[in-house]
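Here's a quick tour for anyone meeting this structure for the first time. Have a look at the picture, then read on.

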Amino acid sequence: MSDASASGRMKHVLVTGGNGQLGTELRRYAWPEGWAVTAIDIDALDLRDTAAIAAMVAGGHDGTPWAAVISAGAYTAVDKAESDIVTAWAVNAMAPAAFAEACAKAAIPIVQVSTDYVFDGAREGAWDVNDPVAPLGVYGASKLGGELAVRTSGARHAIVRTAWVVSAHGNNFVKTMLRVGATNPRLRVVDDQHGSPTSAADLAAALATIAMRLVEDPTAPTGIYHFSNAGAVTWAGFAREIFAQSAARGGASAEVDGIPTSEYPTPATRPANSLLSHDAITRDYGIHPPAWQTALGNILDELLGAPKKDISQ
């Protein structure tokens with residue numbers, strides 16, 4: 001039994017980006033007895049309004065102080081950010097700054113979600129939490145600005161970088177492949193960007209674990225952490241596995257031809273290597289991310305149903 005249920009006081013966690021992939025999974029997460037989530041989105045709070053952010057954190061939940069804030073809301077239109085710089089920085093840097101300042105004043109912890117895009121991706125191997133950052137574009141730079149704001153705010157915090165987030169909700173690579181593959185027998189997908197897909201549900205579980213620990217244990221570790229699902233793959237390899245598992249469930253299937261990034265130009269440059277080391281989050285919080293193939297299977301189970309045959313055959 002948690003301290004919250006033992007004392008009879010509910011512990012309320014404020015979550016931003018409530019309608020996004022991660023916010024949806026944080027709402028769906030099986031929070032223990034005594035914990036509750038209030039997930040808000042732009043209809044309830046404009047993340048460009050720093051005064052409103054300060055007021056929301058200070059006001060608590062129906063007059064009861066928030067137990068913690070999970071800052072998951074973000075400007076995630078990576079390519080659009082290249083020409084919408086002010087908005088990207090307002091949402092990705094100034095909003096976390098306002099939340100962190102308000103959390104420091106309220107003496108509550110903040111969990112800030114960040115991204116692999118703070119790295120330039122210009123080497124092999126998994127990026128450690130202490131590796132040098134060098135964002136390649138506006139999105140990564142603005143998210144790094146948010147990190148720095150949280151780190152220097154005085155609030156107890158955990159910054160959790162993630163990558164390649166997918167789920168059964170919203171717009172993401174898995175759903176795009178299933179949609180496009182349903183009408184196209186052959187697809188061309190980038191095969192020289194390496195990373196680890198991340199299930200929004202698995203990420204939500206990790207964030208919840210960290211947030212609750214920060215609330216209940218004043219000596220809980222703080223700092224920067226990485227979370228993605230385990231294992232490495234390219235976008236083309238990910239697409240092939242999506243179609244293999246989809247076909248086993250009677251869903252869309254397509255052949256995938258790998259292409260270099262140079263044949264798929266975008267306004268924003270993507271990191272060639274987005275692999276993230278899990279050493280810190282495992283060491284400090286005992287979190288062991290499951291394999292990305294398993295995570296994908298769980299998503300496809302929700303979208304398409306259970307496999308109709310053994311997908312290992």
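## Before we start

Keep in mind that this is a predicted model.

## Helix α8 and its surroundings

Let's begin with helix α8, which runs over residues 235-248 and so has 14 residues by the helix assignment used here. From its first C-alpha to its last, α8 reaches 20 Å, close to the 20 Å expected at 1.5 Å a residue.

Is α8 mostly covered or mostly uncovered? It's mostly covered, with ten of its 14 residues buried. Among the buried ones are W235, F238, I242 and F243, along with Q245 and S246. As for what does the covering, the list includes the strands β6 (165-166), β7 (186-190), β11 (233-234) and β12 (255-259), plus the helices α6 and α10.

## Where α6 meets α10

Those two helices also meet each other. The axes of α6 (residues 173-181) and α10 (residues 292-304) come within 11 Å and cross at roughly 55 degrees. That angle is therefore one that makes α6 and α10 oblique to each other.

Which residues make the contact? On the α6 side they are V174, K175 and L178, while α10 brings L296, I299, L300 and L303. Sorted by type, the residues of this contact of α6 with α10 come out as six nonpolar, no polar and one charged.

Definitions and conventions: Residues numbered from 1 in each chain as written. Predicted model: local features only at pLDDT ≥ 70, side-chain atom pairs only at ≥ 80, totals over all residues. Heavy atoms only, no water. Axes fitted to C-alpha atoms, helices over the stretch in contact; angles between N-to-C directions. Helix = DSSP H or I, 4+ residues; strand = E, 2+ residues; numbered from the N terminus. Parallel < 35°, antiparallel > 145°, perpendicular 65-115°, else oblique. Contact = heavy atoms within 4.5 Å. Nonpolar A, V, L, I, M, F, W, Y, C, P; charged D, E, K, R; others polar. Expected span 1.5 Å × (residues − 1). Buried < 20%, exposed > 50% of the residue type's maximum accessible area, 1.4 Å probe, protein only.
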